[in-house]
Amino acid sequence: MSYSVGQVAAFAGVTVRTLHHYDKAGLLSPGDRSRAGYRLYSEADLVRLQQILFFRELGFPLDEIAALFEDPQVNALERLRDRQRQLSEEIARLQRLAEVAERAIEVQKTGVPLTPQERFEVFGEITFDLSYATEAELKWAHSEGQREAMARAAAHTKEDWRRLMGEAAAWRAELLAAFDEGEPGDGERAMDLAEEHRLHVSRWFTSCPPDMHRRIADDFVADPRAFALVIPPSQQRPGLAAYTRKAVHANAARHAGGRTDSKEDR
């Protein structure tokens, strides 16, 4: 049987113009003509068109498709493997872009009233991994502390965030110094730094009793995204997350041993 260009275009879901282009490029020339001179496609032509559309869907340019058809020495399997690798890389790139888009969406939910430039100026290297923030929000959706923390974060001004991040930077420098100087994680200096961090959370976000602080520190070890909210990756050292967790747990035990909370916790 023979088919007109219009029929083939309808079968294949392409335009007549596309079929004319394939003909002009020498990829798919109809095997016959009607008495009036119109192109007529055979069953073999339709099979070839299916192959062309398959390779086009995979992203092959027309000249490569022509080479695959015309040169018996061309290794079609190897070309397909190369394209598979390229597609896998592209999928990974698009997945990263999708994650960036998701974070861009989620950042609008944080309530932090800063422009992108202001956010960079204030937070510097400390970046909120919003996939983690979103998971945390889902995990603690029914927690009064989580709701309070989000509400207070939304209410902070730009100056509040500057002060907050300034405090955090000073604390971070002290923690790194203690770690680098070999201070024990359950020693007085490390515990005092853990206590400073606990009070910082209470002051700026939500009341943070020792038990809650322990859970926060557990996340430092369990999830690198959580620790990156406290220490940027460029300043992290091997074992630092575990060291911080040990200090927090030791400080919590110190509280349990009878030390009273500060006024900021009452």
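Trainee: Which residue just after α9 takes a positive phi?

Mentor: G182 does, and its phi is about 80 degrees. Keep in mind that this is a predicted model.

Trainee: How do you know that the length of α9 agrees with its 23 residues?

Mentor: Compare two numbers. At 1.5 Å a residue, α9 should span 33 Å. Its end C-alpha atoms are 32 Å apart, so the two values agree.

Trainee: What does α3 reach, from its first C-alpha to its last?

Mentor: Helix α3 covers residues 43-57, which is 15 residues. It reaches 21 Å, close to the 21 Å expected at 1.5 Å a residue.

Trainee: Why is L176 called buried?

Mentor: Start with the place: L176 is in helix α9. Its relative accessible area is 9%. The cut-off for buried is under 20%. L176 falls below that, so it is buried.

Trainee: Which residues does L176 touch, leaving out those up to four places away in sequence?

Mentor: Q235, R237 and L240. L176 and I231 are 55 residues apart in sequence, but their C-alpha atoms are 9.3 Å apart in space.

Trainee: Which other residues of α9 are buried?

Mentor: Among them are D160, W161, L164, M165 and A168. W171, R172, L175 and A178 are on the list too.

Trainee: And which residues of α3 are buried?

Mentor: D45, L46, L49, I52 and F55.

Trainee: Why is M1 called exposed?

Mentor: M1 has a relative accessible area of 72%. Exposed means over 50%. The value passes that mark, so M1 is exposed. You will find M1 in the segment before β1 (3-4).

Trainee: What does M1 touch, not counting residues up to four places away in sequence?

Mentor: M1 touches Y41, S42 and E43. In sequence, M1 and Y41 are 40 residues apart. In space, they are 8.3 Å apart, C-alpha to C-alpha.

Trainee: Why is S34 called partly exposed?

Mentor: The relative accessible area of S34 is 22%. Buried is under 20% and exposed is over 50%. The value lies in between, so S34 is partly exposed. S34 sits in the loop between β2 (32-33) and β3 (39-41).

Trainee: V230 is in a loop, between α12 (224-228) and α13. Is V230 buried or exposed?

Mentor: V230 is buried. Its relative accessible area is 12%, and the limit is under 20%, so the label holds. The C-alpha atoms of V230 and H197 are separated by 9.6 Å. Along the chain, these two are 33 residues apart.

Trainee: How do you find empty space inside a protein?

Mentor: Rolling a probe the size of a water molecule over the atoms shows where empty space is left.

Trainee: How many cavities of 30 Å³ or more does the structure hold?

Mentor: It holds 1. The largest cavity has about 40 Å³ of space.

Trainee: Which elements give two or more residues to the lining of the largest cavity?

Mentor: α9 (158-180), α10 (188-204) and α13 (240-256) do. α10 gives the most, with 4 residues. The lining includes W171, L175, A190, L193 and H197.

Trainee: How do the lining residues divide into nonpolar, polar and charged?

Mentor: The lining of the largest cavity has 7 nonpolar residues, 3 polar and no charged.

Trainee: Now the whole chain. How many helices and strands does the chain have?

Mentor: It has 13 helices and 3 strands. Of the 266 residues in the chain, 35% are buried.

Trainee: What share of the contacts joins residues 24 or more positions apart?

Mentor: Take the contacts with a separation of 6 or more. Residues 24 or more positions apart account for 63% of them.

Trainee: And what is the accessible surface of the chain?

Mentor: About 15900 Å². Carbon and sulfur atoms hold 55% of that surface.

Methods:
Residues are numbered from 1 along each chain as its sequence is written. This is a predicted model: local features need pLDDT of at least 70, side-chain atom pairs count only at pLDDT 80 or more; totals for chains, interfaces and linings use all residues. Side-chain values use heavy atoms; hydrogens and water are left out. The expected span of a helix is 1.5 Å times one less than its number of residues. Buried means under 20% relative accessible area, exposed over 50%, partly exposed in between (1.4 Å probe, protein chains only). Contact means heavy atoms within 4.5 Å. Accessible areas come from the Shrake-Rupley method with a 1.4 Å probe; for residues, only the protein chains shown count as cover. On a 1 Å grid over the protein atoms alone, a cavity is a set of points where a 1.4 Å probe fits but cannot get out, and a pocket is an open set with protein on both sides within 12 Å along at least five of seven lines; lining residues have an atom within 4 Å of a point. Grid points are joined across faces, edges and corners, and a volume is the space filled by probe spheres set on the points. Ala, Val, Leu, Ile, Met, Phe, Trp, Tyr, Cys and Pro count as nonpolar, Asp, Glu, Lys and Arg as charged, and the others, Gly among them, as polar.
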